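User: I would like to go through the terms used for this structure and see what stands behind each of them. Please show it to me before we start.

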Amino acid sequence: MDFPFELHVALRYLLAKRKQAFISVISFISTLGVTVGVMAVIIALAVMTGLQQELRDRILGSNAHVYVFKPGGIADYHAEAKKLLAVPHVVGAAPAIQGQGLLSVAQQTVPVQIKGIDPALEPQVTDITRAMQRGSVSQLAPPPDGGPDGILLGTDLAAKLGVQIGDAVSLLTAEGTLTPFGMSPRKRTLRVAGIFSLGLFEFDSTYGFVSLDVAKRLFGKDQVDLIQLRVDDIFRAPDIARSITATLGREYLTEDWAAMNKPLFSALWLEKIAISLAIGLIVMVAALNIVTSLILLVMEKQRDIAILKTMGTSARSVTAIFMLQGLVIGLVGTSTGAAAGYVLCRVLDRYKLIRVPVDVYQVSHLPFTVLPFDFALVVITAVAVCFVATIYPSRQAARLDPAQALRYE
């Protein structure tokens with residue numbers, strides 16, 4: 001197969017043997033440096049992207065996309081939900097009542113966040129139905145025999161209390177009942193109707209769901225606190241939230257998932273940039289290795305360069321020879337590192353090989369997600385850095401004076 005003259009000479013220098021084996025070793029080390037650098041950057045970007053997407057999916061599965069409030073509460077949530085469903089891009093609406101209490105079983109007492117929901121509408125805005133491990137959301141309905149009302153508990157909360165489906169728990173709320181001896185905290189016995197796992201430790205360890213009617217009795221309310229909305233595009237949630245206030249009036253107060261979790265995702269984005277820049281220095285070190293190897297090659301091949309010039313090879317061709325040599329090192333190292341990084345990310349993500357404390361990181365293992373844009377950006381940047389590294393040695397080779405190089409030969 002015919003190669004261009006410059007590429008042919010560049011490959012001969014790269015694959016030098018015997019007396020020039022030292023040059024091949026230096027070239028191999030340079031290629032290995034590029035490979036390791038590109039692989040490290042791809043893995044770092046994949047783990048930070050995976051964490052962002054995993055946490056976002058779990059947060060959006062546990063929470064609604066937009067919350068709508070009205071001063072003083074919402075009396076007729078059916079009418080308000082119908083009105084909000086008419087807003088463009090809103091695909092689900094469900095009411096909610098929020099409160100706090102203490103759950104106790106035997107000698108075990110833990111704080112709990114109580115959320116009153118409509119079992120028929122809640123699946124429109126959260127993934128509670130899919131998250132049920134035992135029992136079902138429909139079992140929150142009042143029992144026909146007049147027994148205790150139901151409550152859904154997260155897996156970690158149920159494990160902490162040591163309860164199963166059908167067990168009775170006592171819920172104590174701050175809203176008291178007036179007695180001859182003053183205000184007494186309100187205590188109610190509930191039945192564990194289901195156990196869910198939303199995948200977010202914050203929810204699975206602290207949340208309990210009850211029906212709206214039960215929540216109203218527990219907290220002494222006659223209306224719901226807010227209406228939860230799900231939209232068809234999570235990235236347009238801030239715009240949709242603003243449009244609700246602009247369309248329906250300023251008495252509607254809104255808050256979207258992006259604003260509620262802005263500190264978390266801002267911190268993850270900053271970590272992604274910082275880690276990428278730090279590990280990207282490996283590629284810069286590899287580029288310096290390419291400069292070193294080419295300078296050594298120019299010093300080693302001064303006689304060859306002088307002979308090529310005396311035979312009519314132009315300075316431009318000499319420059320191209322050494323640029324192609326550095327570019328081959330960059331292309332081989334980049335392609336090998338990119339392929340190895342991608343395969344390693346797929347294996348680590350599929351088999352969940354790196355485990356982390358779920359109570360600290362909200363996930364049980366490190367997820368790896370390689371985005372096409374990140375992958376292409378790393379590959380293009382690495383090749384560009386390797387190409388820039390060839391400019392100085394190549395120009396020095398082109399400036400070599402044949403007479404000076406052959407004076408003592």
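**Salt bridges, burial and a surface patch**

Analyst: A search of the whole structure finds twelve salt bridges. The model is predicted, so local features need pLDDT of at least 70 and side-chain atom pairs count only at pLDDT 80 or more, while totals for chains, interfaces and linings use all residues. Residues are numbered from 1 along each chain as its sequence is written, and side-chain values use heavy atoms, with hydrogens and water left out.

User: What makes Glu-80 and Lys-70 a salt bridge?

Analyst: A salt bridge is a side-chain nitrogen of Lys or Arg within 4 Å of a carboxyl oxygen of Asp or Glu. For Glu-80 and Lys-70 the N to O distance is 3.3 Å, so the pair meets that definition. The pair links distant parts of the chain, with Glu-80 in helix α3 (residues 77–85) and Lys-70 in strand β1 (residues 66–74), ten residues apart. Helices (H or I, at least four residues) and strands (E, at least two) are DSSP runs, numbered from the N terminus.

User: Why is Glu-80 called buried, and why is Lys-70 called partly exposed?

Analyst: Buried means under 20% relative accessible area, exposed over 50%, and partly exposed in between (1.4 Å probe, protein chains only). Glu-80 has 11%, so it is buried. Lys-70 has 23%, so it is partly exposed.

User: How do you know that Glu-122 and Lys-115 are buried?

Analyst: Glu-122 has a relative accessible area of 0%, so it is buried. Lys-115 has 4% relative accessibility and therefore also counts as buried. Their side chains meet in a salt bridge at 3.1 Å, N to O.

User: What makes Arg-130 exposed?

Analyst: Its relative accessible area is 69%, so Arg-130 is exposed. Salt bridges that share partners join Asp-127, Arg-130 and Arg-230 into one network. In the bridge between Asp-127 and Arg-130, the closest N and O atoms are 2.7 Å apart.

User: Why does Ala-44 count as buried, and what is it in contact with?

Analyst: Ala-44 has 6% relative accessibility, so it counts as buried. This residue lies in helix α2 (residues 21–62). Contact means heavy atoms within 4.5 Å. Leaving aside neighbours within four places in sequence, Ala-44 is in contact with Ile-275 and Ile-279.

User: Why is Val-25 called partly exposed?

Analyst: Val-25 has 44% relative accessibility, so it counts as partly exposed. Val-25 also lies in helix α2.

User: Why is Thr-319 called buried?

Analyst: Thr-319 has 16% relative accessibility, so it counts as buried. Thr-319 is placed in helix α12 (residues 315–351).
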